[in-house]
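Have a look at the structure first, then read on.

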Amino acid sequence: MPLAVSSSEALLDVSDLRVYFRTRAAPLCAVNGLSFQVARGETVALVGESGSGKSVAALALTRLVPAPGYLAGGRIRFGGAEVSNLDGDGLRRLRGGGIAYVFQEPSASLNPVFPIGWQIAEAIRIHRPGAPARREALSLLQRVGLPDPERRLRSYPHELSGGMQQRAVIAMALACRPRLLVADEPTTALDVTIQAQILELLAGLQAERGMAMLLITHNLGLVSGVARRVCVLYAGRIVEHAPTADLLARAAHPYTAGLLAAVPRLSGNRERLAGIPGAVPHPARLPGGCPFHPRCPKARELCSRQEPAETAVAAEHGVRCHFWK
């Protein structure tokens, strides 16, 4: 299990989370026994390819998994409260006021028929009645670095660039003053320069407001300098977890090593980037044993028969691999 923090420090505590999707044939497992914690003010990264279960796990935190998906087991505690026990009012307070989201496609998060300022002010009016919504919306647009914020209050989403839309979505998430910000691939659709600006903005806002952050990404190159700990997901399971510096220096799982090899580098020769053959298996066609073994360069016969248990590589560093050494 990933490194535990003390109960006084843990803001989010996820234990053995299982999420399934109903189908005509049989339920499909999208998240399988996920366990991790996020301390107050800490940044934890969930890393993995598309289809590894990252976004489904993030939505499960506030019981937002869309039908036919459902939470099949496990426990989610936020601020000491069991999320499964929350009623309608409790869930409304959790969504936005406790946990807020920044998604990878800002254009899909913004309503095209309402001005940006109206959408930010609406979040303030819902979660903080009586607050000066328009004035705070203007202040938030200034804080996230949108140029000419007074004008942007009246702008519609289509009038903003991708980077400006993402800043507006961040402002909307911050309007509720969340304790945990879930940033789900927040830079995927942006160019490299804007990516760096958005990550710097998120880190600055986190430090300023004392928020915790759960960063979800497929790119291990983004986590250095942002996240304190990293959990690597594959086929709905955590296959490796460690403090960020340790993971980047001593990746133990072949999948983690493959993700690192795929990160572009500015220095060195111009060899073609290494890739991981194949793709994340569909939940209906999971292989026996270790789910990564059909793609793994270290796989042996045991890997197809037996799923590996977690092994300690070092203090706070665990891996699920029979032959990680």
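The largest cavity is lined by 13 residues, and nearest its centre are Cys-290, Cys-296, Cys-303, Cys-321 and His-322. A cavity here is a set of points, on a 1 Å grid over the protein atoms alone, where a 1.4 Å probe fits but cannot get out, and lining residues have an atom within 4 Å of a point. Bear in mind that this is a predicted model: local features need pLDDT of at least 70, side-chain atom pairs count only at pLDDT 80 or more, and totals for chains, interfaces and linings use all residues. Residues are numbered from 1 along each chain as its sequence is written, and side-chain values use heavy atoms, with hydrogens and water left out.

**Cavities**

- Searching the whole structure turns up two cavities of 30 Å³ or more.
- The largest cavity has a volume of about 80 Å³, where volume is the space filled by probe spheres set on the grid points, joined across faces, edges and corners.
- Its lining has nine nonpolar, three polar and one charged residues; Ala, Val, Leu, Ile, Met, Phe, Trp, Tyr, Cys and Pro count as nonpolar, Asp, Glu, Lys and Arg as charged, and the others, Gly among them, as polar.
- The second largest cavity comes in at about 50 Å³.
- Around that second cavity sit Arg-237, Val-239, His-253, Cys-290, Pro-291, Glu-307, Pro-308 and Arg-320, which split into four nonpolar, one polar and three charged.

- The largest pocket has a volume of about 530 Å³; a pocket is an open set of points with protein on both sides within 12 Å along at least five of seven lines.
- It has 19 lining residues, and the closest to its centre are Gly-96, Tyr-101, Phe-103, Ala-123 and Met-172.
- Strand 6 (99–102), helix 3 (106–109), helix 4 (116–127) and helix 7 (162–174) each give two or more residues to this lining; helices (H or I, at least four residues) and strands (E, at least two) are DSSP runs, numbered from the N terminus.
- Helix 4 gives the largest share of the lining of the largest pocket, with five residues.
- The second largest pocket holds about 380 Å³ of space.
- Of its 16 lining residues, Val-192, Gln-195, Asn-219, Leu-222 and Pro-264 are the closest to the centre.

**A helix pair**

- Helix 4 also packs with helix 5 (residues 133–143), at an angle of about 115° and with axes 8 Å apart; axes are lines fitted to C-alpha atoms, for helices over the stretch in contact, and angles run from 0 to 180 degrees between N-to-C directions.

- Eight strands make an open, mixed sheet in the order 6-7-8-3-9-10-12-11; two strands pair if DSSP finds at least two bridges between them.
- Strand 6 and strand 11 (311–314) are the edge strands, each pairing on one side only.
- From one strand to the next, the twist averages 20°.
- Strand 9 (residues 229–234) and strand 10 (residues 237–243) run antiparallel, over six bridges; there, Cys-231 has His-241 in strand 10 as its bridge partner.
- Helix 8 packs on the sheet too, touching strand 3 (43–47), strand 7 (180–184) and strand 8 (212–217).

Key: Contact = heavy atoms within 4.5 Å.
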